[in-house]
Amino acid sequence: MKCLVCNRESPEKYCNFHKRAYNNIIQNFEVWQRATGLTWKEYLKAVVENSYTGAWAKELAGYLLKNKDG
């Protein structure tokens, strides 16, 4: 199996890098939502546009915005 985001070999749908980014994105969404009222899509856009967001999280957020199977 390959990572859905970067095509690295992976036993799951995301490689270790994107799996960690996914977990962080999911964990932080609730906090952002309470603080800002953003929807899931708005949150993902904010993650992609934030200059402090790491590359793995930006890639994953971009993938999630474009794909429903994420």
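## Before we start

Axes are lines fitted to C-alpha atoms, for helices over the stretch in contact, and angles run from 0 to 180 degrees between N-to-C directions. Helices are DSSP runs of H or I with at least four residues, numbered from the N terminus.

This is a predicted model, in which local features need pLDDT of at least 70 and side-chain atom pairs count only at pLDDT 80 or more, while totals for chains, interfaces and linings use all residues. Residues are numbered from 1 along each chain as its sequence is written, and side-chain values use heavy atoms, leaving out hydrogens and water.

## Helix 1 meets helix 2

Helix 1 covers residues 16–36 and helix 2 covers residues 40–49; they pack at an angle of about 115°, and their axes are 11 Å apart. Helix 1 and helix 2 are therefore roughly perpendicular (a word for angles of 65 to 115 degrees). The crossing of the two is right-handed, meaning that the near helix is turned clockwise from the far one by less than a right angle.

Contact means heavy atoms within 4.5 Å. On the helix 1 side, Asn-24, Ile-25, Ile-26, Asn-28, Phe-29 and Trp-32 take part, and they meet Trp-40, Tyr-43, Leu-44, Ala-46 and Val-47 in helix 2.

## An aromatic cluster

Rings of Phe, Tyr and Trp (its six-membered ring) pair if their centres lie within 6.5 Å; planes under 30 degrees apart count as stacked, over 60 as edge-to-face and the rest as tilted. The structure holds six aromatic pairs. In one of them, the ring centres of Phe-29 and Trp-40 are 5.1 Å apart with planes at 85°, so this pair is edge-to-face. Because Phe-29 lies in helix 1 and Trp-40 in helix 2, the pair ties together parts eleven residues apart in sequence.

Trp-40 also forms a tilted pair with Tyr-43, at 5.9 Å centre to centre and 35° between the planes. Both residues lie in helix 2, three residues apart, about one turn of the helix. Together, Phe-29, Trp-32, Trp-40 and Tyr-43 form one aromatic cluster.

## Buried or partly exposed?

Buried means under 20% relative accessible area, exposed over 50%, and partly exposed in between (1.4 Å probe, protein chains only). Phe-29, at 15% relative accessibility, counts as buried, and Tyr-43, at 3%, counts as buried. Trp-40, at 30%, counts as partly exposed.

## Helix 2 meets helix 3

Helix 3 spans residues 55–66 and packs with helix 2 at an angle of about 145°, the axes being 8 Å apart.

How values were computed: Parallel < 35°, antiparallel > 145°, perpendicular 65-115°, else oblique.
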